[in-house]
Amino acid sequence: MAKETLQAAKKARQDEFYTRLSDISKEMRYYKEQFKGKIVFCNCDDPYESNFFKYFAMSFNHLELKKLIATCYIGSPIANTQLSLFDDEPIEEKTTKSPHKIEITEVDDYNGDGAFDLADVEYLLRNKKNVLTRLKDDGDFRSKECVELLKEADIVVTNPPFSLFREYIALLEKHEKDFLIIGNTNSLTYKETFKMIKEDKLRTGYTNFNVGMYFVVPDDWEKYHKIEDNNKLVRVSTSCWFTNLEVQKHKENVVLYKRYSPEEYPHYYNYDAINVDKVSDIPIDWDGAMGVPVTFVDKFNPKQFKIIGLGISNSGIEIGVKPYTMEHKKYRKEVQKRGAVDGDLYMMIDDVVTVPYARILIKRIGGTQ
Ligand SMILES: C[S@@+](CC[C@H](N)C(=O)[O-])C[C@H]1O[C@@H](n2cnc3c(N)ncnc32)[C@H](O)[C@@H]1O
C-alpha cells in the first residue's frame with residue numbers, strides 16, 4: 001500500500017475510537033451548574049452507539065437540560081452495527097446506516113420504576129414521534145443541516161474525529177459555542193489551538209492530563225490493549241479533555257517554591273529567557289521570560305502567567321526566537337536528529353548545542369511573588 005494510503009487508513013482508524021461512559025461521567029462530575037437549562041449537542045455521535053448520547057439522555061433531568069441533540073455521520077464504518085446501547089431488536093431500521101438525529105426535550109419515568117434511565121430513553125425513542133428523524137444530508141458536522149443545529153445549541157460535547165480536529169475547533173470558535181470535547185494533546189501545539197489557549201478561550205479539563213484514556217474500538221480490530229465488558233479497548237496516552245467552560249484548577253495559582261540560580265536555569269542562546277524543565281520548578285523570584293514544558297497548559301492560570309508563545313519552529317520564529325547562528329550550524333546534524341529546526345529554542349551547555357523538548361514561553365504577571 002502506498003505511504004499516503006497507509007497514513008489515510010491510520011487516520012480513519014484513529015477516528016473510530018469510542019469513548020467509555022465512565023470517562024464521560026468522570027469528567028462531567030464537575031460541570032453540573034454550567035449545564036443547567038442548556039441545549040447540548042453531540043454532533044459526532046450516533047445516538048445508538050455513543051456513550052455521550054447515553055450519558056446526557058440518562059442525566060437529562062439531573063443536569064436540568066433544556067434539550068439534547070445528537071447527530072450521526074453516515075461515514076461511520078460501525079454505524080448501527082456494533083456498540084448498540086439497546087440490546088433488543090432494532091428500534092428503527094438500524095441496519096440502513098442512514099444518518100439521523102435525535103432531539104430530546106424531556107425524559108419521564110415512562111416505565112414507572114422510580115428512576116430515569118436508559119429504559120425510559122428507549123421508550124421515548126420507540127414511542128414518541130419526532131424524537132428520531134432522518135437527516136437530509138450525510139450528518140457531517142460541517143453540513144448546513146448540522147451547522148443549523150450547532151447554532152441552536154449552547155454546549156457541544158463529544159469526541160470528534162481526530163483527523164478533523166482543526167476544522168472542528170475552528171467551527172466551534174466561529175459560532176462562539178461552549179464546548180467540552182476530547183482531543184489529542186499533540187493538537188495543543190497546533191497554531192489555531194495554541195492561539196485559543198493563549199487567549200484563554202480553550203483550556204484542559206479535569207481528568208488527569210498525563211495518563212491518557214482507553215477507547216472502545218471496533219470488534220474486528222486485531223490489536224488492542226485489553227477487553228472490558230466484551231469491548232476491545234485501546235489506550236491513547238495522549239488524550240485529554242478540552243473546554244472553554246470554567247475549570248477550577250485554571251483559576252488557582254501554581255504553587256512555586258524554587259529560587260533562581262544560573263546553574264539550574266540556563267539561558268537560551270537564541271531568546272532572552274531561561275529554561276525550566278518542570279512546571280513545579282518555575283522559580284518564584286524570576287521576573288523575565290521562561291521556557292516551560294507543554295504540560296504547563298494543564299496548570300495555566302491566566303491571572304498568574306502570560307503566555308508569550310510557542311518556542312518551536314515557525315511559531316518560535318514568529319515571536320523572535322533566532323535561527324541557529326553560523327558557528328552552531330555544524331552541530332545541526334546532531335540537532336536535527338532530535339527534530340530541531342530554526343525557531344526551536346536552544347542552549348549552549350559546556351559549549352554543546354542543547355535543545356530541550358518543546359517549550360512554551362511564559363512570563364509571570366505582576367512580577368515576582
Ligand atoms: C473518535 S470517534 C468518537 C465517536 C463518539 N463521539 C464517541 O466519543 O464515542 C469520531 C466519530 O466521528 C465520526 N465522524 C467522522 N467524520 C465525521 C464528520 N465529518 N462529521 C461528523 N462525524 C464524523 C466518526 O464516524 C466517528 O464515529
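Predicted model: local features only at pLDDT ≥ 70, side-chain atom pairs only at ≥ 80, totals over all residues.
Student: What is the mean pLDDT of the protein?

Tutor: pLDDT is the predictor's confidence in each residue, from 0 to 100. The mean for the protein is 89, and 88% of its residues reach 70 or more. Over residues 77-83, however, the pLDDT is below 50, and that stretch has 17 contacts in the model beyond near neighbours in sequence. A contact here is two residues whose C-beta atoms, placed from the backbone, lie within 7 Å.

Student: Why is Val121 called buried?

Tutor: Happy to set the number against the rule! A residue is buried if 20 or more other C-beta atoms lie within 10 Å of its own, exposed if 12 or fewer, and partly exposed in between, with C-beta atoms placed from the backbone. Val121 has 25 other C-beta atoms within 10 Å, so Val121 is buried. Across the protein's 369 residues, 35% count as buried.

Student: Where does Val121 lie, and which residues is Val121 in contact with?

Tutor: Val121 lies in helix α5 (residues 118-127). Helices (H or I, at least four residues) and strands (E, at least two) are DSSP runs, numbered from the N terminus. Leaving aside neighbours within four places in sequence, Val121 is in contact with Ala57, Met58 and Val107. Val121 and Ala57 are 64 residues apart along the chain, yet their C-alpha atoms are separated by 6.6 Å.

Student: What makes a group of residues a nonpolar core, and which members touch the most others in the largest one?

Tutor: A nonpolar core is a set of buried Ala, Val, Leu, Ile, Met, Phe, Trp, Tyr and Cys residues joined through C-beta atoms within 7 Å. The largest has 75 residues, and Val40, Phe56, Ala57, Leu68 and Val156 touch the most other members. Helix α4 (residues 51-58) gives the most to this core, with 6 residues. Apart from this core lies another, of 7 residues, among them Phe17, Tyr18, Met213 and Val216.

Student: Why is strand β12 described as largely enclosed?

Tutor: In β12 (residues 239-243), 5 of the 5 residues are buried, so the strand is largely enclosed by the rest of the structure. Ser239, Trp241 and Thr243 point one way, Cys240 and Phe242 the other way, and all are buried.

Student: How do you know which strands pair with β12?

Tutor: Two strands pair if DSSP finds at least two bridges between them. Strand β7 (residues 178-184) and β12 have 5 bridges in the antiparallel sense, and strand β8 (residues 203-204) and β12 have 2, also antiparallel. Leu180 stands opposite Thr243, Gly183 has Cys240 as its bridge partner, and Thr204 stands opposite Phe242.

Student: What is the order of the strands in the open sheet, and which are the edge strands?

Tutor: The order of the 8 strands is β5-β4-β3-β2-β6-β7-β12-β8, with mixed pairing. The edge strands are β5 (132-134) and β8, since each pairs on one side only.

Technical notes
Residues numbered from 1 in each chain as written.
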